[in-house]
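Here are a few exercises to work through with the structure in view. Try each task yourself before reading its solution.

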Amino acid sequence: MGGAPTDLKLIDERGLRLDGRRPDEMRPLKIEAGVLNKADGSAFVEWGLNKVMAAVYGPRECHPRHLQNTERALVQCHYNMASFSVEDRKRPGPDRRSHEISKIISEALTHVVFTEYFPRTSIDVYIEVLQANAGTRCAGLTAASVALADAGVPMRDLVASCAAGKVANTIVLDLGKEEDNFGQADIPVGYVPRTDEVVLLQMDGDLTREEFDKGLHMAIGACKKVYEVQRDALKRRYTARAEGQEEGA
Amino acid sequence: MSKDVVADLKRDYITRLLAKGMRSDGRQFDEMRPLKVETNYVGSAQGSALVQLGDTKVLVGVKLILGEPFPDTPNTGVLTTNAELIPMASETFESGPPDQESIEVARVIDRGIREGHAVDLEKLCLEPGKRVWIMFVDVHVLDYDGNLFDAANIGANAAFKTAMVPNKAAGLGEDVPLPVKHQPISITTVKIGGKLLVDPTHDEERVADARLTVATIETGNVCAMQKGLAGAFTLDEVFKVVETSSRIGADIRSRL
């Protein structure tokens, strides 16, 4: 969270943000389930200028083997950014940031997957960020949930995710890139609507207790909307599949 | 790449069909799979293309950054090609440092576009010996059903065609199109039980005896080749492959 350059106004006189959004407005979100052939399940999320693909393999044999758990499956997420996904070319391969994101997304997903059904196995979730514009961990977690469902992995619910934050002393929803770079705080949230639980939560910046309260509520409200889009993507996928089967019969 | 146990089972099926002159997906021996190219797919890259060749899907991104030329080529820009066979694309790909397969893929793609002068690297020199554009061609494989060589080569060519040199961001004036010179198109052929098949699927690759990738430019000249796998080609077969590659390459070039 850096200071804004003097000429950059993150919120204008009318109370609108750089891309014309109101403070509590999310960027447009599109989700498509079942976009890849090889993977057991997959999903593609376009969220504002973010393009994120998720693929699921498994449950399958667990590698590395020493991580195997005799009681349950291991949900292993691998978050990766394409070298061309950001303004300056990113060196390919995992860095400390992506290791951390992989870990918290794995943990969030583990909570909703019935891991006890598949002892000793691994459920591998691959998240590839193809184009990044702030909020890729939320987009990644959102996509990963849909991909898991598409793979037929039994789950308690989908995890929906969205961030809130603070820019120009205002609590806003779903930060864009400039807002992320020059804003005052960022709170990515992963939420399970059916059980009303938070499974991913991070925060950086500076917020009063009231501001945090407002931000978290705003993010959870948005997660509920994200959840509808996720469900809709899965319904479309399986409606299409059912129709395809009828044709084949 | 981890060992694949299904290959032996599929070999029988594929070779039996080939003996009857058929491929498992109904294609002619010299027929490419349906090709779809979407350029400018990634806004954060200077050029990009999403290529679908049958069920193979690759995303190629081109980025340019300022840097120093190599001491032995002070007057030319730098071309760097990298291929990521990410685990998303296939159950047989593993994460970690590039293995031999990704290195071969990256080098074959690199050779095609470098030797075919897809981009005029001399025009990417700003100050001899001091400052040049370094061009990164990054291939991201999303869905793998064989023939990465050609999918990535086509993607690179398509991305170059729409790429812009980011002069503005570097304070060097207006952005200009990337100086494209030729369009070297590579076509890959595999040999299975004495039959030559272009654009192999993953199943065909798994049972192939030998593989030959040939890149040709507009004149029909060959600019790069790579033979792979343990099998061999006769001289006649090599000439035939070159002829077919040049013919199919011309068709693809006209569609980009």
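**Exercise 1. Find the strand of chain B that holds B:Ile187, and decide whether this residue is buried or exposed.**

Solution. Keep in mind as you go that this is a predicted model. Start with the strand: B:Ile187 sits in S9 of chain B, which covers residues 185-192. Next, look at the surroundings. A residue is called buried when 20 or more other C-beta atoms lie within 10 Å of its own. B:Ile187 has 28 C-beta neighbours inside 10 Å, so it counts as buried.

Now see which residues those surroundings include. Setting aside neighbours within four places in sequence, B:Ile187 is in contact with B:Asp150, B:Val198, B:Val214, B:Ser245, B:Ile248 and B:Gly249. Take B:Val214 as an example: 27 residues separate it from B:Ile187 in sequence, but their C-alpha atoms are 5.5 Å apart in space.

**Exercise 2. Describe chain B as a whole: what are its helices and strands, and does its radius of gyration agree or disagree with that of a compact globule?**

Solution. First count the elements: chain B has five helices and twelve strands. Then turn to its extent. Along the principal axes, the C-alpha atoms fill a box of roughly 60 × 40 × 30 Å. A compact globule of 256 residues would have a radius of gyration near 18 Å, and chain B has 19 Å, which agrees.

Finally, look inside. Of the 256 residues, 46% count as buried. Among contacts in chain B between residues at least 6 apart in sequence, 69% join residues at least 24 apart.

**Exercise 3. Work out which strand of chain B gives the most to the side that touches chain A.**

Solution. Begin with the contact itself: 26 residues of chain B are in contact with 24 residues of chain A. On the chain B side, strands S3 (56-67), S4 (78-84) and S6 (131-143) each supply at least two residues. S6(B) gives the most, with five residues. Sorted by class, this side of chain B has eleven nonpolar, eight polar and seven charged residues.

**Exercise 4. Trace the order of the five strands in the open sheet of chain A, and find its edge strands.**

Solution. The order is S1-S2-S3-S5-S4, with mixed pairing. The edges are S1 (29-33) and S4 (74-81) of chain A, each pairing on one side only. Neighbouring strands are turned by 15° against each other on average, direction ignored.

Now zoom in on one pair. S3 (residues 50-61) and S5 (residues 121-131) of chain A are antiparallel, joined over nine bridges. A:Val56 has A:Val125 in S5(A) as its bridge partner.

How values were computed
Residues numbered from 1 in each chain as written. Chains lettered and ligands numbered in written order. Predicted model: local features only at pLDDT ≥ 70, side-chain atom pairs only at ≥ 80, totals over all residues. Helix = DSSP H or I, 4+ residues; strand = E, 2+ residues; numbered from the N terminus. Rg over C-alpha atoms; globule rule 2.2 N^0.38 Å. Buried ≥ 20, exposed ≤ 12 C-beta atoms within 10 Å, placed from the backbone. Contact = placed C-beta atoms within 7 Å. Nonpolar A, V, L, I, M, F, W, Y, C, P; charged D, E, K, R; others polar. Pairing = 2+ DSSP bridges. Axes fitted to C-alpha atoms, helices over the stretch in contact; angles between N-to-C directions.
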